[in-house]
Amino acid sequence: MKIQIVRDVLEANDQLADSIRGEAKKLGFTLINIMSSPGSGKTSLLESVIPELKKKGIRLAVIEGDITTTADAERIAILDIPVAQINTEPFGGDCHLGAEVIIPALQKFDLANLDLVFIENVGNLVCPAEFDTGADYNFVVISTTEGEDKPLKYPLMFRVCDTAIINKIDLLPYLDIDINKLKKNISQINPKINLMSCSAKTGENIPGIAQFIFNLVK
Ligand code: MG
Ligand code: ZN
């Protein structure tokens with residue numbers, strides 16, 4: 001019985017996710033879901049990439065997912081773009097965002113006048129990968145401080161993502177990590193994944209990532 005319930009939840013989620021993609025196609029905006037473990041630099045990446053995208057004329061907004069706090073949303077709002085906060089604590093403290101919470105968040109925006117909406121998912125390398133948010137593209141951010149083995153230990157996350165961004169490459173001189181081994185492990189799990197690296201802190205490779213995202217926009 002329990003297995004049946006889980007399947008129903010995921011099926012209902014998938015239907016909502018498909019309806020979000022249909023709406024995004026109709027209204028002409030692109031939805032990108034960014035996932036990672038806590039502290040990999042999702043918010044920092046957004047902070048560095050968003051000004052580049054604005055310079056290119058992209059009209060964008062961000063949905064911030066967190067169990068509690070509006071800390072990340074406040075950092076993004078400084079960039080003078082619309083932000084919708086989802087806190088999961090009032091409905092059970094979910095450690096992921098499902099399509100059912102993305103729909104009301106999207107409704108807070110003037111979608112007909114947006115080109116791109118980012119979702120910053122809850123920091124968690126496990127179950128956000130199981131729930132389709134309705135995004136057109138899924139990104140995973142992994143930082144150099146996490147070691148080489150995470151793609152092998154959390155393969156579903158790397159399987160469901162189109163793009164992996166290795167962040168904090170400015171720290172490489174201080175770490176024992178072999179970045180080529182990390183890249184190899186990511187490619188082993190998902191040979192088709194787009195693989196990029198950057199430092200959101202120093203800005204290294206950020207223009208290239210902004211251009212990559214710009215090319216995804218409908
Ligand atoms: Mg964050
Ligand atoms: Zn979860």
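Okay, let's start with pairing: two strands count as paired if DSSP finds at least two bridges between them. Helices (H or I, at least four residues) and strands (E, at least two) are DSSP runs, numbered from the N terminus.

Housekeeping next. This is a predicted model, where local features need pLDDT of at least 70, side-chain atom pairs count only at pLDDT 80 or more, and totals for chains, interfaces and linings use all residues. Residues are numbered from 1 along each chain as written, chains are lettered from A and ligands numbered from 1 in written order, and side-chain values use heavy atoms, leaving out hydrogens and water.

So, the sheet. It's open, seven strands, parallel pairing, in the order β3-β2-β4-β1-β5-β6-β7. β3 (83–87) and β7 (194–197) sit at the edges with a single partner strand each, so one side of each has no neighbour in the sheet. β7 runs parallel to β6 (residues 163–167), joined by four bridges; T163 has N194 as its bridge partner in β7.

Helix α2 (residues 42–55) lies across β1, β2, β4, β5 and β6, at about 170 degrees to β4. Contact there means heavy atoms within 4.5 Å; axes are fitted to C-alpha atoms, for helices over the stretch in contact, with angles from 0 to 180 degrees between N-to-C directions.

Now the metal. What coordinates the magnesium ion (ligand 1)? T43 (OG1), D72 (OD) and E120 (OE), at 2.0 to 2.1 Å. Donors are N, O and S atoms within 2.8 Å of the metal (3.2 Å for Na, K and Ca), and water isn't among the atoms, so sites may look incomplete. D72 in helix α3 (residues 71–77) and E120 in strand β4 are 48 residues apart.
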